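Trainee: I have just opened this one and would like to go through it with you. Could we take it topic by topic?

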Amino acid sequence: MRTVLQRVTAARVRVEGEVVGEIGPGLVALVGVTHDDGPDEVATTVRKIAELRIMRGEESVLDCGGAVLVVSQFTLHADVRKGRRPSWNAAAPGTVAEPVVDAVAEGLRERGIEVATGRFGADMAVDIHGDGPVTLVVDVPA
């Protein structure tokens, strides 16, 4: 599982002009799922998102009461080593990826974090108001 985390002052996701997910200060988590990702990868990813001390004052999003916007992002697993057309072979199909992304969002909620989400498989417009900028790539397993 690969997650890109970006610290934000605010973020939202729109689908066909409708806001489907929105947060104030916190993190945007763009989550890409591979074929072999399961409960262990979900648990580690949830822990990293919740506990990484990347918010202002060296706090975690859990410590500061921030929110997380979780957005599925299969393109994080693009292979661009050959040619000009990316290969998506490493990305899990939607039937595999959707429940894994949902489990990440639910795991964060279980930790008491406010979570908003995009809409899986939709053409989403993501508005990110970066704070810092602070952007990290979290690969699990590392």
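Mentor: Let us begin with a loop: Glu58 is found in the loop between α1 (39-51) and α2 (61-64). Please keep in mind throughout that this is a predicted model.

Trainee: What is phi of Glu58 near, then?

Mentor: Phi of Glu58 is near 55°, which is a positive value in a residue other than glycine. Most residues other than glycine have a negative phi.

Trainee: And is Glu58 buried or exposed?

Mentor: Glu58 is exposed, since its relative accessible area is 61% and the cut-off for exposed is over 50%.

Trainee: Where does Glu16 lie, and what is its phi near?

Mentor: Glu16 lies in the loop between β1 (2-15) and β2 (18-23), and its phi is also positive, near 50°. With a relative accessibility of 80%, Glu16 counts as exposed.

Trainee: Switching to peptide bonds, which bond is cis at Pro133?

Mentor: The bond from Gly132 to Pro133 is cis, with omega near 0°, and Pro133 is found in strand β6 (residues 124-139). Another cis peptide bond joins Val140 and Pro141, where omega is about -5°, and Pro141 is found in the segment after β6. For background, most peptide bonds are trans.

Trainee: Now the strands. How many bridges join β1 to β3?

Mentor: Seven bridges join β1 to β3, and these strands run antiparallel; within that pairing, Arg2 stands opposite Gly32 in β3. On the other hand, β3 and β4 pair in the parallel sense, over six bridges, and Val31 has Ser72 in β4 as its bridge partner.

Trainee: Why is β3 described as largely enclosed?

Mentor: Seven of the seven residues of β3 are buried, so the strand is largely enclosed by the rest of the structure.

Trainee: What about the nonpolar core, how many residues has the largest one?

Mentor: The largest nonpolar core has 26 residues, and those with the most contacts inside it are Ile49, Val68, Val70 and Leu108. At least two residues of this core come from each of β3 (26-32), α1, β4 and α3, with α3 supplying the largest share, six residues. There is also a second, separate core of 12 residues, which includes Val4, Val13, Ile23 and Val71.

Trainee: Going back to Val70, which residues does it touch?

Mentor: If residues up to four places away in sequence are not counted, Val70 touches Ala29, Val31, Val101, Ala105, Leu108, Val115, Ala116, Thr117 and Gly118.

Trainee: Last topic: how many aromatic pairs does a search of the whole structure find?

Mentor: The search finds one aromatic pair. The pair is formed by Phe74 and Trp88 and is edge-to-face, with 5.2 Å centre to centre and 70° between the planes. Phe74 and Trp88 are 14 residues apart, and each is in the loop between β4 (67-72) and α3 (94-110).

Trainee: How accessible are Phe74 and Trp88, in terms of relative area?

Mentor: Phe74 is partly exposed, with a relative accessible area of 48%, and Trp88 likewise counts as partly exposed, at 36% relative accessibility.

Technical notes
Residues are numbered from 1 along each chain as its sequence is written. This is a predicted model: local features need pLDDT of at least 70, side-chain atom pairs count only at pLDDT 80 or more; totals for chains, interfaces and linings use all residues. Side-chain values use heavy atoms; hydrogens and water are left out. Rings of Phe, Tyr and Trp (its six-membered ring) pair if their centres lie within 6.5 Å; planes under 30 degrees apart count as stacked, over 60 as edge-to-face and the rest as tilted. Helices (H or I, at least four residues) and strands (E, at least two) are DSSP runs, numbered from the N terminus. Buried means under 20% relative accessible area, exposed over 50%, partly exposed in between (1.4 Å probe, protein chains only). A nonpolar core is a set of buried Ala, Val, Leu, Ile, Met, Phe, Trp, Tyr and Cys residues joined through side-chain atoms within 4.5 Å. Contact means heavy atoms within 4.5 Å. Two strands pair if DSSP finds at least two bridges between them.
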